[in-house]
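Visitor: I'm new here. Could you show me around and tell me how you know what you say?

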Amino acid sequence: MDLLAKLNPDQLLAVTHKTGPALVLAGAGSGKTTVLTTRAAWLISQEKIDPEAILLVTFTNKAATEMKTRLKQLRLNPPSLISTFHSLSAYLLRLYGQAVGLSTNFVIYDTEDSLSLIKNIIKELSLDKKRFSPYTVKNLISNAKNELIGPEKYAQLANSYFQENLAIIYKNYQHRLTASQAVDFDDLLIKALELLKEDVHTREKLQARFEHVLVDEYQDTNKAQYELTKLLSTPQNNLFVVGDFSQSIYAWRGADYRNMLKLKNDFPKITEYRLEQNYRSTQVILNAATQVISQNTTHPILKLWTSKKDETEKISLIQATDDRDEAYQVTQAIKWHQHKGVNLSEIAILYRTNAQSRAFEETLIKANLPYKIIGGVKFYERKEIKDLVSYLRLLLNPTDEVSLTRATKLGKKRLSQLLNWQETHPDFTLKHEPSEILEKVLAVTQYQKKYKPEVPEDLSRLENIQELKRVSLNFDSLTQMLENIALIQDGYMHTQSANLVKEDRLQLMSLHAAKGLEFEVVFLVGLEDGLLPHSMSQFDQAKLEEERRLCYVGITRAKQKLYLSFAKRRFSYGRFSSSQPSRFLFDIDPDLLDQPITNHATQKQTQERYLEAEVDELLSGELDVDEFLDI
């Protein structure tokens, strides 16, 4: 099989880059996964690089799995380390973490664990919970860690009552993590970086091993991730990174697209490649996306193009009176596409805030259109799963404060029985598989007796426990299982597309959740100043540019048909308030839209639409005559 046969000229240049650092600017739908995978395959098959000498870092477990699968399909042995940054860090710390004070059985605290610990500390310090919100405190500590600012340095920088107390919370939090032999997600990266900086022997061993370091989605890296890749790629400097400035939308969790600009300073001889041919969308959609993103001035812009010259359907504009009218018009358009043979699973409604989904849900239910909201309560966040995971973590690490607190609340007798059993069977967790350990925990604690199968909610919980049993069969060790659960729980080994059920259901999701996905038909809704761009970002240039990138991501999810919608007024905080079309709409050439942007639909048009909808419901039997007459 010719590895390079299906590559376009720009992809070919990137894939066959010889040695030294390379930056590949890959636009939306330009085949970046193909380039990364083919690059690895080319190094192995043509350059005769040992697969174990290649490190391939992605941001989702799905992407890592996809790359492994593609390499196997090419009959090549994939590198053993194709993983996320956090999985890579956990792997390094399991092997060498003792050099930075970690035991081999350290546990990973997910977001809920961290919040629980911070709540305890705030309570113990008698601080006002309203002023020191645990969620806000956690985010601020995370931001400090992303900037590699430790508790001591933070205390030195504090210049207000709030910051001084935050420094105290931060110090306590970090001390408690250490005492529990635990790390949070930020610590995984920081400890791994600390390991490489302080343990010269380990650093040189790893640097000698990794001849080539390939990194996906580089625009999403934070400071620690940047430093990690820089260290691991030394001294060969065969760093090959792929990214797109215009798809950097995670600044709120520490991502900094400027890391791609820093590469040029740290690697003066870096070679830049640009992938601008798009294989997903029509030229009309790509032109609109380029016109919106081109207003940003702080980063390079790619001009996307496609060879699909015959697809010239314009973008449809939906101008609604309010959110109810917007939902109705969107639903009618969805029904039209469904009638034309488009599967509902190939249609998505994208919004800036999750609260926007309510109006669409109500209308879709009335229209009998099945849908799925991406981003509901995750499996590992469910109470019964968190309970059992806390028991399992205590078997590995009895000093885990958060798990001990949770297990105690579940019943001191249950906990005592578990700890007594562990004391008499100290090697059980080492000698048995996770499935057997979980069965033993359930038997010793009698946890399942908390729930009655005849109660629907309890039955659902029992079914979830059965599902956890099935999950446990996939792992060889309890450490591996718990590590995987923790990473999935916080989204670091998870991507939304992995959760999309193959049933024919419409997809509703936020713009952040939509990144990496694509659909035949996309409805980008709520295009109003205050929503997109968000009101919190309108007067901050950096934040406004990120909002523009969010809009760009939304537009480029569409393959064949794109709808943009806005409402003249929107119900929020108990009342209707007027809204203006998003400034992003006016960046788009009017010739690309099927109608000019006007103020709003007339009240008469809206009333006619509502009446039409109610008649449809009456005829379908969803509305009885008395209700119709009341209307």
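**A first look around**

Guide: The chain has 26 helices and 16 strands. This is a predicted model, where local features need pLDDT of at least 70, side-chain atom pairs count only at pLDDT 80 or more, and totals for chains, interfaces and linings use all residues. Residues are numbered from 1 along each chain as its sequence is written, and side-chain values use heavy atoms, leaving out hydrogens and water.

Visitor: What makes a stretch a helix, like the one that holds G554?

Guide: A helix is a DSSP run of H or I with at least four residues, while a strand is a run of E with at least two, numbered from the N terminus. G554 is found in helix α24, residues 541-555.

Visitor: Why is G554 called buried?

Guide: Buried means under 20% relative accessible area, exposed over 50%, and partly exposed in between, with a 1.4 Å probe and protein chains only. G554 has 0% relative accessibility, so it counts as buried. Across the chain, 55% of the 631 residues are buried.

Visitor: Which residues does G554 touch?

Guide: Leaving aside residues up to four places away in sequence, G554 touches L350, L511, V522 and L524. A contact means heavy atoms within 4.5 Å. A514 is 40 residues apart from G554 along the chain, yet their C-alpha atoms are separated by 7.2 Å.

Visitor: And K409, is that residue buried or exposed?

Guide: K409 sits in helix α17, residues 401-409. Its relative accessible area is 71%, and exposed means over 50%, so K409 is exposed.
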